[in-house]
Amino acid sequence: MSTPGVLSFTQQAWEQVLAKVKRAVVYLDAACAESLHWGCGSSRLLEAVGNSACYLREFEPAAVGGGAEHPKAVFVLSCLLKGRTVETLRDIICRSHFQYCVVVTAVNHAVHLTANHVPPAAAAELEGQQPVFEQLEEKLCEWMGNMNYTAEVLHVPLLLAPAAPHLALTPAFASLFPLLPQDVHILNRARPDKRRLGNLAEVDATTLTPELLLTIRCLVSGLSSLCEHLGVREECFAVGSLSRIIAADLANFAPAKNRRKTATGRASVVFVDRTLDLTGAVGHHGDNLVEKILSVLPQLPGHTNDVMVNMVELTALQAEEENQNIVAPGCLAQSNDPAAKALWEALLNTKHKEAVMEVRRHLVEAASRENLPIKMSMGRVTPGQLTSYIHLFKNNLKALRNHCGLLQLGLATVQTLKHLQTAKWDNFLAFERLLLQSIGESTMSVVLNQLLPMIKPSNQRTNDDYSPEELLVLLIYIYSVSGEFSVDKDLGEGEEKVKKALAQVFCEESELSPLLQKITGCDSSINLTFHKSRSAMDELFTSLRDIAGARNLMKQFKSVYVPGNHTHQASYKPLLKQVVEEIFNPERPDPVDIEHMSSGLTDLLKTGFSMFMKLAFLYKSDSPQKSLIPRPTRSGYQAVSRPHPSDHTLLILFVVGGVTVSEAKMIKDLVPSLKPGAQLFRTAMHC
């Protein structure tokens, strides 16, 4: 049996689902479909269904019901079985002819009790029972029209979409994002009768909205299942305000207590708020082909982390725009193709130039195995060269089938290399480097003035100019990398000029992109007035200032900007790199900004009595039981320091708000150099 990991966790979960779907109509929501997509592939589900007359359908209110020829349905859902989800279940079942319904939820029963306001003490007494699921089973039979029909409701932890052995995504939580200072005002408005919060440091679980708290508990439920699969007892750490709440909730998750007692392994789980460093999320310093593919190709519908690859090149159709929707798109996830999967992992872990050469090598080897008439050429890899290799497979059905996954990745590479946005990548990088030098030498107002000439209306822009969306990316880069700065009259005037210029450009767009629609609150440029556009800019710059101040509460990780000197230019040092270097610092100092979140009485002592914060707990050398009362060391006793994230060989790094491919590669390369033998799993809401 292979070592437990994110892939085996996902595959074992899906095996439980696949055991239920034989000859069924299967309804999936988007997050579960994405987990299946990366973990097993839809072909595995179709094989398990085993009946060409049955179908896979999206779980939505308008979903087609099942006819008399389809007596069985399986619903695979990533969310709580509550509210709108239950209403959609009812509507689909009532317009169908089902006699057997199975509902699979990725959220365990304990969280359903919380969602139904069952007190913790009462929930503890229900251990081993599942009244919420049982009540829904009765409702399912009622909706099917016969109480003698069969209904099952079960929990399966479909949390992850494993992109690689050491990189997993959580598509169900793609919209969960760390708090910004302005969110404190929103929280205060939601609790008018309680003490007002002053800043993010005062935010804890009791101050969050019930909806956000339930979302966090659903995430914690899945992470606890992952730790159970890995066979580890976790120590939880956090960097950032929302991470602190999530880590504390996992540390105190009641259903995890029993499995922690029997766990044979140990792991450190470190949560990090994305908002502490958005520079890495929007910057172009990552020299990675996959990052460019994800940036420029259109998103695969319903997915947060895959793209559409135009496959018309492999057909007899003309490569015209109107033909692109005739042929189903390709994608990056190739869970059932070992050769394509190996190439995908190579692309994740190499620089752009090496990755393109790796694509060529795989195409050449595949063509050689199929005895295709390939003409070898060395030197620089070009899109035309790769296209010529791909075309060799075009009229050979057997070769197409054998290497379909590889060809999808090859076409994704070609289409990215040819894309206009890829040509602008270096322009972005050059301007970002110029900004880094300017930030160290000039005030923020001067930096913003450098941006003004680049703000152009659509009728004056060329392909080399920046679109409104790209200008917003640059603004996020500027404010995030700058960090805290002094606000003066010049800055106010500089911001006003940029606001006015951007507001005017928004109004003159012939068509508003989805992002601009969201920012302005208008679905059409016809309805966008300058007043509305200007108001949107005021809100945007409030958020930008919050982004700049996101690290204000940090003591050690206060800056991602490294000033230049006479030997080195100014540079950006990713916060994730700083966190990992601190975790594996050979001197093991007490982490300043990496907070340990413990549970029970220990947590009470540490948080309620500051005098205990720096004292070591003691245990007798012949007993594994720690004393809860600090005492002087004497014969037969040893001092035990506070838990440190480098204590265990397994590190799970969870970035709340997403991680880039370049960041994932950076951490993968960094950890072995700092601590040989350490295992690393990186999980994120989305890339």
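**Domain contacts and salt bridges in the predicted model**

At 17% relative accessibility, Asp465 counts as buried. The structure described here is a predicted model. The side chain of Asp465 meets that of Lys456 in a salt bridge, with 3.2 Å from N to O. Lys456 is partly exposed, its relative accessible area being 25%. The cut-off for a buried residue is under 20%, so Asp465, at 17%, falls within the buried class.

A search of the whole structure finds 27 salt bridges. One of them pairs Glu663 with Arg274. Their closest N and O atoms are 2.7 Å apart. This pair links distant parts of the chain, 389 residues apart. Glu663 sits in helix H27. Arg274 sits in the loop between strand S9 (265-273) and helix H12 (279-282). Glu663 counts as buried, at 5% relative accessibility. Arg274 is also buried, at 5%.

Arg545 and Glu495 form a further salt bridge. Here the closest N and O atoms are 2.6 Å apart. Arg545 lies in helix H24 (residues 530-548), and Glu495 in helix H22 (residues 489-507), so the bridge ties together parts that are 50 residues apart in sequence. Arg545 is partly exposed, at 33% relative accessibility. Glu495 counts as buried, at 4%. Salt bridges with shared partners also join Glu496, Lys499, Arg534 and Asp538 into one network.

The domain assignment of the protein gives four entries: domain 1 (6-158), domain 2 (162-277 + 645-684), domain 3 (298-418) and domain 4 (422-549). The C-alpha centres of domain 2 and domain 3 lie 36 Å apart. Nine residues of domain 2 are in contact with eight residues of domain 3. The area buried between domain 2 and domain 3 is about 690 Å². Carbon and sulfur atoms give 67% of that area. On the domain 2 side, Ala163, Leu169 and Lys665 supply 47% of the area buried against domain 3, more than any other three residues.

Polar links across this interface were also counted. The rule finds zero salt bridges between domain 2 and domain 3. One residue pair is in polar contact. Strand S6 (161-164) and helix H27 (661-674) each supply at least two residues of the side of domain 2 that touches domain 3. H27 gives the most to that side, with three residues. By type, the residues of this side divide into seven nonpolar, no polar and two charged.

Methods. Residues are numbered from 1 along each chain as its sequence is written. This is a predicted model: local features need pLDDT of at least 70, side-chain atom pairs count only at pLDDT 80 or more; totals for chains, interfaces and linings use all residues. Side-chain values use heavy atoms; hydrogens and water are left out. Domain bounds come from an automatic or database domain assignment. Contact means heavy atoms within 4.5 Å. Buried area is the accessible area (1.4 Å probe) that two parts lose on being put together, summed over both. A salt bridge is a side-chain nitrogen of Lys or Arg within 4 Å of a carboxyl oxygen of Asp or Glu. A polar contact is a pair of N or O atoms within 3.5 Å; within protein, one must be able to donate a hydrogen and the other to accept it, and residues adjacent in sequence count only if both atoms are side-chain atoms. Helices (H or I, at least four residues) and strands (E, at least two) are DSSP runs, numbered from the N terminus. Ala, Val, Leu, Ile, Met, Phe, Trp, Tyr, Cys and Pro count as nonpolar, Asp, Glu, Lys and Arg as charged, and the others, Gly among them, as polar. Buried means under 20% relative accessible area, exposed over 50%, partly exposed in between (1.4 Å probe, protein chains only).
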